[in-house]
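Subject: Structure for you, with notes

Hi there,

Here is the structure I promised to pass on.

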Amino acid sequence: MSKIHAVVLAAGQGTRMKSKLYKVLHPVCGKPMVQHVVDTLASMRVEDVVVVVGHGADTVQATLGERVAYALQKEQLGTAHAVQQAASFLQAKEGTTFILYGDVPLLSEETLTALLHFHEDQKAAATVLTAVLPDPTGYGRIVRNDSGEVMEIVEHKDASDEVRAIKEINTGIYCFDNQKLWNALAQVKNDNVQGEYYVTDCIGILRQAGEKVVAFEAADPDETMGVNDRAQLSEAEAYMRKRIAVRHMKNGVSIIDPLSTYIEADVTIGSDTILQPGTYLRRGTTIGSDCVIGPQADLSNTKVANGVTISYSVLVDAKVDEQATVGPFAYVRPGTEIGPQTKIGDFVELKNAKIGKGTKIPHLSYVGDAEIGEGVNIGCGTITVNYDGAVKHKTVVQDGSFIGCNTNLVAPVTVGKNAYVAAGSTINQDVPDDALAIARERQVNKPGYANKLPRKSKKE
């Protein structure tokens, strides 16, 4: 196989998106459209990837980083003009060159690999990726000769009734022999109503030179969908979400209702895990085997080990170890590490906290900027008072301690091993190992005093 190159056209402004965000940076399943394209090329080990940028160039470069080269198209003068901006990177090279688009995010590695192999097997100068549509209105039609080679691409507005009856359309995606591409680009003219230079014209130029031009039909035409507005963005999201769900199910993940389960790109899930309806797994999240996630769980950039149960909860930038239980209605914030066999119950909020093995925080507590040891019980309504208005302070509760209900642990403070804190205490001094800490006012009962208080009449 020859060396493979790619030009990704991503210079258009995308005014139909009606957005401040540059079009190719709109996400599909959590990843910018252009990054989907670049990641697919990376998985194919394409040698040179040149992204042609224009509007929003700086933000595109900040998103993709140094993994690709960039060419700037200062004026938007058509697709051929855009490709020509990559001349300094590719013009002198041999091999095969893809021409792709930053707003066509659904093309799979399988389709592009099949296109490439077909192109090279045919020893063609150019290969057009085509799609067969039930209603091809508005698209350029592929006109083939008796041997199946491409004779010309006819735009819908220029087509006769006979040509308009053809359902095979040009997707605008190509493989070219690189040297023949650059020779053809040098001959492209802009003698059209728009005054622009089009890659499509390279097909006619190569045919006139006696070169072989062929077409490869995409097995799934939906993969070739371009995104120009919010409606098409939604369609692309739905398509990719389904593809991601099917891939996980084939790998042994049970998804109870794929239509109500949202898994973003690059999420990994172990076998025999069950995803309940309403689950969101966002980028950077990894789930182990034998977990139950959901209903209504929302995880972002969270690492979950084997055998974990999470329900009706939100986790962000967190880690959950084996056999832990989280939820319902827990909020686990960045920097939190939940140890194995722990229980994090309802209406518990954790932030930048390390929770040891077997510890229980069953309900209605806030634990922030804390280190909680193994086998600790945190009673209902416990608060780590971590912020003094200027600085966040740390709370440490060591192994085997018991924190009674409605306790305030005023940081910085340490509760020693196997210590007890009585319910209703406000602790602002360290508690030694094996001690009982009581920090509350002594109860005083005044007999008969209630009778002296004014009372509302029964009528009221």
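Leaving aside residues up to four places away in sequence, valine 83 touches Val7, Leu9, Ile99, Leu181, Trp182, Leu185 and Val199; contact here means heavy atoms within 4.5 Å. Val83 also belongs to the largest nonpolar core, which has 67 residues, and is listed with Leu41, Val51, Phe98, Ile99, Phe176 and Ile203 as touching the most other members. A nonpolar core is a set of buried Ala, Val, Leu, Ile, Met, Phe, Trp, Tyr and Cys residues joined through side-chain atoms within 4.5 Å. Buried means under 20% relative accessible area, exposed over 50%, and partly exposed in between, with a 1.4 Å probe and protein chains only. Strand β1 (residues 4-10) gives this core its largest share, six residues. There is a second, separate core of 57 residues, and among its members are Met225, Val304, Leu409 and Val421. In soluble globular proteins, nonpolar side chains tend to be buried together.

Before you read on, please note that this is a predicted model: local features need pLDDT of at least 70, side-chain atom pairs count only at pLDDT 80 or more, and totals for chains, interfaces and linings use all residues. Residues are numbered from 1 along each chain as its sequence is written, and side-chain values use heavy atoms, with hydrogens and water left out.

Now the chain as a whole. Its secondary structure comes to nine helices and 37 strands; these are DSSP runs numbered from the N terminus, helices being H or I with at least four residues and strands E with at least two. The radius of gyration is 31 Å, whereas a compact globule of 460 residues would have one near 23 Å. That radius is taken over C-alpha atoms, and the globule rule is 2.2 Å times the number of residues to the power 0.38. Along its principal axes, the C-alpha trace spans about 110 × 55 × 45 Å. Of the 460 residues, 47% are buried.

Threonine 395 sits in strand β31 (residues 395-397) and counts as buried because its relative accessibility is 0%. Not counting residues up to four places away in sequence, Thr395 touches Asp369, Ala370, Glu371, Thr384, Leu409, Ala411 and Val413. Valine 53, in strand β4 (residues 48-53), is buried with a relative accessible area of 2%. From valine 53 to glutamate 237 is 184 residues in sequence and 23 Å in space, C-alpha to C-alpha.

Finally, some backbone details. Glycine 294 and proline 295 are joined by a cis peptide bond, with omega about 5 degrees; Pro295 is in the loop between β18 (292-293) and β19 (298-300). Another cis peptide bond, also with omega about 5 degrees, joins glycine 327 and proline 328, and Pro328 is in the loop between β24 (325-326) and β25 (331-332). Phenylalanine 347, in strand β27 (residues 343-355), has a positive phi near 55 degrees without being a glycine. Aspartate 434 is not a glycine either, and its phi is positive at about 65 degrees. Asp434 lies in the loop between β36 (426-427) and β37 (436-437) and is exposed, with a relative accessible area of 57%.

Best wishes
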